[in-house]
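These are my notebook entries on a structure that I looked up. I kept them brief and recorded one topic at a time.

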Amino acid sequence: MKYLGIELPKPKVAVFGFTGCEGCQLQLANNEQNLKDLFELVEVVDFRLISSDKLGGYDIAFVEGSITTDSDVEALKAIRAQAKLLVATGACACLGGVNNLRERFPLPDAVAEVYGEHKIESGQVRRVADVVPADIELPGCPISKLEFEWLVRQLVMGVEPQFPRYPVCVECKQRINTCVMDMGILCLGPITRAGCNAVCPRNRAGCWGCRGPSEEANYESLVEILREHGFSEAHIAERVSFFNAFSGNQVLPVLE
Amino acid sequence: MLYKTITKENFRRMIEGLMEDNDVFGPKWRDRDKNGDKVYRFLKLNDFDELQMDYTRTYSSPKNFFIPFKETLSTYDLAETEWDQQIRYTVHPRVIVGMRACDINALRKLDEVMVKSAFPNPYYFARRRNTVIIGLDHEPLEDCFCRSVNADVVFKGFDLFLTDIGAKYFVAIGSDTGYRIVDRFGGEEVSEADQDAFKSMKKRIESKFKTQVDVTIVPELMDLEFESEVWERWGDKCMSCGSCAMVCPTCYCYGVEEDVDLSFTHAAKQRFLYSCNLIDFAMVAGDHNFRPEPHIRLKYRYYHQFRGFVEAFNQSLCVGCNRCGVACLAGISPKAVIDDLNETEQR
């Protein structure tokens, strides 16, 4: 592929999934009308969800899911050793994600609740970056295919990708939505990284923080505002801990 | 200024007539807030009855009709070593009904920057030229402080401006186009009784202002008390979310971005509205940030509104609509901040 006469590199790409719903991997395979163009830009060598071929030797690894077992850790380290660029892909890989809800319960209880007598290997839920360095974090639950395509363009052009640093409110106000907080709906938009085009507030769901915190998010101010709006401590704690996006903030008690 | 009256029946005919050949926008309501109050928004009218002439205030200003939140400045077809650029200024003729005096004054302030400056903005100008504005007077709301910043009355910048005098509208005619519209749809000469009704309505409006913001020495105060503790007090609450600037009828700071499509054959240059409150507004290459702290960014937004623009154009940029105050979850409003500045620093 040439861009204004300049040959673009065609990196080899692999996609790996750990603990998660595979929704982000599915997103990578979506937007089918653009797949032909996408495959002109990158060569997919390992992506189990779309092909059983394993052609090996990759430059960029997209890693989905949180890391929960010892074998996950080993596999991730091997990926890191091979990949020139590792992209933590989606909320589970970037934040721990919904899987992190399990950390509220003693591990044996959680495993027994789901698997009964059946023995499975499971451990603490970790982000990709807790185990190996991630060069880029592509946020969202699930990720946006359009943002992924944008990221690929930046990478083949050799441009450092700049994700929005500001919160969701910007995009929400740009869509001229009525503020869901005014409608009595809890929303984490003011402290969550933009880039989703405010899809949840647009649909009256309030923001759940799946894209992680915006840069220097004023967490304390929002929690105070949520209290003033009459949301209960439990409701607020449940929401801010849902994707494990704000675990660095200790204003609210840990949930039982 | 010429004045006419139009009956409400003829006003209906007028709007329906305009809807035949133009996109007509006006205040409609889509949502109710948790108190049961209607939340209004300027939207395209499909039917006259959607038009809410008794609306209070739209949550967001009509600024985006003139400066869209995101607009394409140019598109490109890319070839082997060259490209073909396309630029379009065309705007389908449209009418906005129900704009308040403050919102029209906001456009006049934007005109100073976008039309009358050394580098006029042709995209803005095309939208301005192709938009007929029919303004509408109203009794001020509890928190309207347009009067304090001289934006409560308007004499220019509209085609027609209506004041409800009962069975009719009293119509100020601000342009040739406006004159022809009223004339076509049954505008009548102003009678003695109409004049009396208009005057008493104006008096009524004048008597209803409740909120005052004392901006008399605010520009000087902002210079003299640059390091005021007031900014930190409000900055601590500020979530740097940019909501204030987005709903504001006059905030016009922007960014420009270029992107190419996945096939690398088409590209576009886009302009998008930004806010000086956002963390990376003053960020430059090498990740250096000229305004890394929320209270400094908050201060600069107030500086632009109440000092910088005053210096450049002898008027504040703020028109006193208090949309920013309504939108701010942290309760930061011009009234609260400027009162605090006056009280703290004017002792």
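**Entry 1: domains of chain B.** I noted that chain B is divided into domain 1 (2–68 + 76–207) and domain 2 (218–345); such bounds come from an automatic or database domain assignment. The C-alpha centres of these two domains of chain B lie 26 Å apart. I then looked up the contact between them: 25 residues come from domain 1 of chain B and 22 residues from domain 2 of chain B. Two residues are in contact if their C-beta atoms, placed from the backbone, lie within 7 Å.

On the side of domain 1 that touches domain 2, β4 (70–78) and α2 (101–114) of chain B each supply at least two residues. Helices (H or I, at least four residues) and strands (E, at least two) are DSSP runs, numbered from the N terminus. I recorded α2(B) as giving the most to this side, with eight residues. By type, this side of domain 1 of chain B has 13 nonpolar, four polar and eight charged residues. Here Ala, Val, Leu, Ile, Met, Phe, Trp, Tyr, Cys and Pro count as nonpolar, Asp, Glu, Lys and Arg as charged, and the others, Gly among them, as polar.

**Entry 2: numbering and model.** Residues are numbered from 1 along each chain as its sequence is written, and chains are lettered from A and ligands numbered from 1 in the order in which they are written. The model is predicted, and local features need pLDDT of at least 70, side-chain atom pairs count only at pLDDT 80 or more, and totals for chains, interfaces and linings use all residues.

**Entry 3: chain A against chain B.** How many residues does the contact take from each chain? I found 31 residues from chain A and 32 residues from chain B. On the side of chain A, the elements that give two or more residues are α2 (35–41), α7 (145–157), α8 (169–174) and α10 (219–228). The largest share, four residues, comes from α8(A). This side of chain A divides into 16 nonpolar, seven polar and eight charged residues.

**Entry 4: helix α10 of chain A.** I listed its buried residues (20 or more other C-beta atoms within 10 Å of their own, again placed from the backbone): A:Tyr219, A:Ser221, A:Leu222, A:Val223 and A:Leu226. They pack against α11 (233–241) of chain A. Just after α10(A), A:Gly230 takes a positive phi of about 90 degrees.

**Entry 5: a glycine in chain B.** B:Gly166 is found in the loop between β8 (160–164) and β9 (168–173) of chain B. Is B:Gly166 buried or exposed? It is exposed, because 11 other C-beta atoms lie within 10 Å and the limit for exposed is 12 or fewer.
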